[in-house]
Amino acid sequence: MNTQDYIEIEDQYGAHNYLPLDVVITRGEGVWVYDVDGRKYLDCLSAYSALNQGHVHPKILAAMIEQAEKVTLTSRAFRNDQLPLLYKELSELTGYEMSLLMNSGAEAVETALKLSRKWGYVVKGIAHHNAEIIVCKGNFHGRTITEISFSSDPLYRDDFGPFTPGFVSVPYGDSGAIARAITSNTAAVLVEPIQGEGGVIIPPEGYLKKVAEICKAERVLLVADEVQTGLGRTGKLFAAQHENVRPDITIIGKALSGGFYPVSAVLSDKVILGLFQPGEHGSTFGGNPLAAAIARAALKVIVDEKLAEQAAKLGEYFIEQLAEIPSPHVKEVRGKGLLIGVELKQSAGGARRFCEALGKRGILAKETHTHIIRFAPPLVIDKETIDWALPSIREVLNEK
């Protein structure tokens, strides 16, 4: 079967909740993917940063196969020999005392919200069921009913109410707005260090540090959603580290498995994560031995191959080169590490056509928020590959 055959089958039998580029991928290796017609592409999306280690990294693959031949799932009714080691290695790597494993990023965000509310009642003394969590406009934390309840995007919300109460939304990048929104019922501030789905929106320098200071002074938890920005993507293990901020709770996912399996985690210290009691929260698949073995290997690759350092170095180069392209369509190039957004002018007619044109030249990127092209290749990319891609990007950004 060819590309069109697969597209027709998917369109007939699958829900139309995505609008993918018309590329049918059958194989991947490192930064490259191949479609069913034999064409080769540079992946500049990395499955929304889940593939920081590249496609089918051999060390993670080996760990997955080895564990799959032993035991894959025990549920949390029993213990397994991989999860304790992952707990220990996460603490040693991140400095947090404890972690709680889930599957998707959305589940981890839900976990952090529940944890923040319980902390608000048990520790801060907020009246029961009155806790509020401050969020930022333009956020993307997932697609559960609760998470879309505090989205500011009508597409995510309009037909899915009624919504979960208890959230106060303020402008992103405005620490003063957070300070003004805090009341005696505020349990936490939930924030992305960089808004990835929002269009690679980078807040003013010092923003996160100021928010952390406000939270500490007001006895409010700072919760950082690093599902997309964490694990090396922006040039540090966590994007919050660019401002030397250590949130009370950090949420990770995506690259925690290197793209092999859904694995996410909530990181915090015992005084917070220790509040959960048996039966209050859980997941049949969360922390299963296969997931834990994969995550252990994925973390080791990030450290051993110095992927955060790689992202910092090559991200700076890539951003500089993109910013120098003399295109009549480009409004701004922004990014940190290898999380880069190219914002187009309204007159450009949207980013979709540019992504389609890049695809024809063997580069896979994806539009976000209609007018922004996101470039986020696997962190294993090298300078030579970026240099290979740049002429095609220049051509496309100068098309009429």
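**Exercise 1. The open sheet**

Which order do the 4 strands of the open sheet have, and what is their pairing?

*Solution.* Before we start, note that this is a predicted model, in which local features need pLDDT of at least 70 and side-chain atom pairs count only at pLDDT 80 or more, while totals for chains, interfaces and linings use all residues. Residues are numbered from 1 along each chain as its sequence is written, and side-chain values use heavy atoms, with hydrogens and water left out.

Step 1: read the order, which is β1-β2-β3-β13, with mixed pairing. Strands here are DSSP E runs of at least two residues, helices are H or I runs of at least four, and both are numbered from the N terminus. Two strands pair if DSSP finds at least two bridges between them.

Step 2: look at the edges. β1 (25-29) and β13 (363-364) each have a single partner strand, so one side of each is left without a neighbour in the sheet.

Step 3: follow β1 to its partner. β1 and β2 (residues 32-35) run antiparallel and are joined by 4 bridges; I25, for instance, has D35 in β2 as its bridge partner.

**Exercise 2. The chain as a whole**

Work out how the fold is built up and how compact the chain is.

*Solution.* Step 1: count the elements, which are 14 helices and 15 strands.

Step 1: compare sizes. The radius of gyration is 21 Å, close to the 21 Å from the globule rule for 400 residues, so the chain is as compact as a globular protein of that length. This radius is taken over C-alpha atoms, and the rule is 2.2 Å times the number of residues to the power 0.38. Along the principal axes, the C-alpha atoms fill a box of roughly 60 × 50 × 45 Å.

Step 2: Of the 400 residues, 55% count as buried (under 20% relative accessible area; exposed is over 50%, partly exposed in between, with a 1.4 Å probe and protein chains only). Among contacts (heavy atoms within 4.5 Å) between residues at least 6 apart in sequence, 72% join residues at least 24 apart.

**Exercise 3. A covered strand**

Determine how many residues of β10 are buried and which strands are joined to β10.

*Solution.* Step 1: β10 (residues 264-268) is mostly covered, with 5 of its 5 residues buried.

Step 1: sort the side chains by direction. S264, V266 and S268 point one way, A265 and L267 the other way, and all are buried.

Step 2: find the neighbours. β4 (residues 98-102) is joined to β10 by 5 bridges and runs antiparallel to β10, with L100 bridged to V266. β9 (residues 249-252) is also antiparallel to β10, through 3 bridges, and T250 has L267 as its bridge partner.

**Exercise 4. Backbone exceptions**

*Solution.* Step 1: recall the background. Most residues other than glycine have a negative phi, and most peptide bonds are trans.

Step 1: P162 sits in the loop between α7 (154-157) and β6 (167-170).

Step 2: With a relative accessible area of 51%, K306 is exposed.
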